[in-house]
Amino acid sequence: MPDLRRAEPVLPGSSSGSRAGLAVPSGETAVMASPPDPRPRRRRSGAVVSRQERIAGPLFVSPFFLVFAAFGLFPVVFTLWVSLHDWSLLGDRTWVGLDNYRALVEDDHFWNALTNTLGIFVLATVPQLLMALGLAALLNEKIRARTFWRMGVLLPNITSVAAVGIIFTLLFARDFGLVNWTLGHVGVDPIGWQDHRWSSWLAISIMVDWRWTGYNALIFLAALQAVPRDIYEAAEIDGANAWRQFWSITVPLLRPTILFVVLVSTIGGIQLFTEPLLFNSGANAITGGTTRQFQTLTMYLYEKAFTGLEFGYASTIAWVMFLVIAVVGLVNALLVRRLRSVD
Amino acid sequence: MAASRFRIRPAVVMLAVVTAVSAFPLYFMVVMASRPNEDITSVPPPLWPGDRLMDNVDRVLGNPDVTFEQALVNSVVVSLVCTVSVVFFSCLAGFAFAKLRFVGRQPLLAFVLITMMVPVQLGMIPLYMLMSKLHLAGQLPAVMLPFLVSAFGVFLMRQYVVQSVPDELLEAARLDGASIFRTFWYVVMPILRPGAAVLALLTFMERWNDFLWPYLVLDVEHPTVQVALSRLAGGYYTDQALIMAGTLLGVVPLLLVFLLFGRQIVGGILEGGLKS
């Protein structure tokens, strides 16, 4: 690409011929560098650069970029600016520099929310990915009624997060809930699922996994279908059992997809909000239990912004969440990279 | 073949178990929504639907505190407007990225891809301030505006155009003297219909189910279904039959869509998985 850019002004006449044999991406560099030429020029691809096209391209993509700039990019960047102020709902603001960040480091509620978020994330994500991989392998078998099974595993993902939170909160009810009733049969005393850190984390993780395992299984299935079957046949001839085939062939080949799913799960998991919010009814739902035992970072952000009306401080939490997502994402990427050394 | 039949069975049994686990909470919702509220405390918990479904649904719809009927209408409006907008602008931009040459095309496309990985939800505080400034906070346009376009949609449609729109066709349209927009509308769009339908389904579901932003920005008079649900379950009611009937109303529209178009939705997710 850089070579082309340099070559272009020198050879304007022959440009279309020389470019035709090259990869498509060179197109826009060429238009940018070559002198205005009223005649439409043909590409091997059949596309034509005319004046109309030069205008139509930017025009057609502009709605996306305009809306995204106003309602996506601007708010995200502006969060940084707000986080450097004491900023009230009405817009009164005082510059405080990094004070909000200093306060955050000493804020026990913040560390508590961070612990809860990461705890629930690990507790939910690790089993979820393993189950999704296994489920994908099952769905990849030669079975009848494929569409039916695929729809079956996707069913929870169609259900709204709010509905998931409400239904599971009823299932996990202490006195008459189905979960405690079932556990009662094996001699477990009724558990107040909201009351303890471990039990609330577990219940919320189950909600997350119920909604997302099937979806991720389908993502894995898409990758599995691209793996040629004869690799497995060869492994079978060599005497590798199903488990060994799974770890030595399937997992390494699926590594890019695993990485993708892990990153998407990280972005979603660190922002967990609805399930824990609805797990706790009452006016103080946003605190995630009486001792904040399941308040996540997004819940704390929300509490600070819209109950405490401290927009500056809440924005600080938002930016730190960015960092957390980036760091956790990076660590996960490194972990996934190490998967290769398993075999 | 006989040997393979024996190997298949465990997989089917396990899939049946997984499907049962997937379906059970929804079934339980139907059971609770169709019984009187007293049944909630019965031991063992009821596992068969009762005959009070319509009663409970009526009580939800007639509920004076939560304007549930309005919420259903609002959700339909928000989801439809966003879906039409996302599909149209994604096809338009996808077509431009796939077939038109213009300044900055590659960097812009890379930018679209990067934005898919940025958690834009975290910009919600300035977004709220922005909506306040525009005097839209509390109102439906506040939940529609940020979701009129989608980076995922643009990327998906770009891939679809690359795969399914032959250059010869565009060339022929050009020789016939059609403008680029006419070519897009009359030649490209009909080819994109299956891909656009999948994008429409995924977008509609996402908007219908969205929670955090609507919960944050909408006021009591303009809830979507999910926000109304959270209010219903928010502790002011202990009537679980009522809450479950409301939840059922919030889930059923998508279940119907899923029953009708499940094959396309599954196909769309598999496609999306391959693209990743």
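Which residues of chain B does the UniProt annotation "transmembrane region" cover? I looked that up before anything else. The unreviewed entry gives 12-33, 71-96, 108-131, 143-162, 183-205 and 241-261 of chain B. I am keeping in mind that this is a predicted model.

**Two of the annotated spans**

I checked what the model does over two of these stretches. Residues 183-205 of chain B come out as 100% helix and 0% strand, with 30 Å between the end C-alpha atoms. For residues 108-131 of chain B I get 67% helix and 0% strand, and there the end C-alpha atoms sit 27 Å apart.

**Confidence in chain A**

Next I went through pLDDT for chain A. The mean is 83, and 84% of the residues of chain A reach 70 or more.

**Domains of chain A**

Chain A is split into domain 1 (2-95) and domain 2 (101-342). How many residues of each domain are in contact with the other? I find nine from domain 1 of chain A and seven from domain 2 of chain A. On the domain 1 side, α4 (51-83) and β3 (85-87) of chain A each supply at least two residues. α4(A) gives the most, with four. By class, I noted four nonpolar, four polar and one charged residue on that side of domain 1 of chain A.

**Chain A against chain B**

Then I turned to the contact between the chains. It takes 86 residues from chain A and 84 from chain B. Which helix gives the most to the chain B side? That is α12 (residues 240-275) of chain B, with 15 residues. The side of chain B that touches chain A has 56 nonpolar, 20 polar and eight charged residues.

**One helix pair**

α4(A) came up again here, packing with helix α3 (residues 68-99) of chain B. I have the angle at about 140° and the axes 8 Å apart. The crossing of α4(A) and α3(B) is left-handed. From α4(A), I listed A56(A), G57(A), F60(A), V61(A), P63(A) and F64(A). They meet F89(B), L92(B), A93(B), F95(B), A96(B) and F97(B) in α3(B). Nonpolar, polar or charged? For the contact of α4(A) with α3(B), my tally reads eleven nonpolar, one polar and no charged.

Notes:
Residues numbered from 1 in each chain as written. Chains lettered and ligands numbered in written order. Predicted model: local features only at pLDDT ≥ 70, side-chain atom pairs only at ≥ 80, totals over all residues. Contact = placed C-beta atoms within 7 Å. Nonpolar A, V, L, I, M, F, W, Y, C, P; charged D, E, K, R; others polar. Domains from an automatic or database assignment. Axes fitted to C-alpha atoms, helices over the stretch in contact; angles between N-to-C directions. Left-handed = near helix turned anticlockwise from the far one by under 90°. UniProt positions renumbered as here; feature names shortened; annotations may be inferred. pLDDT = per-residue confidence, 0-100.
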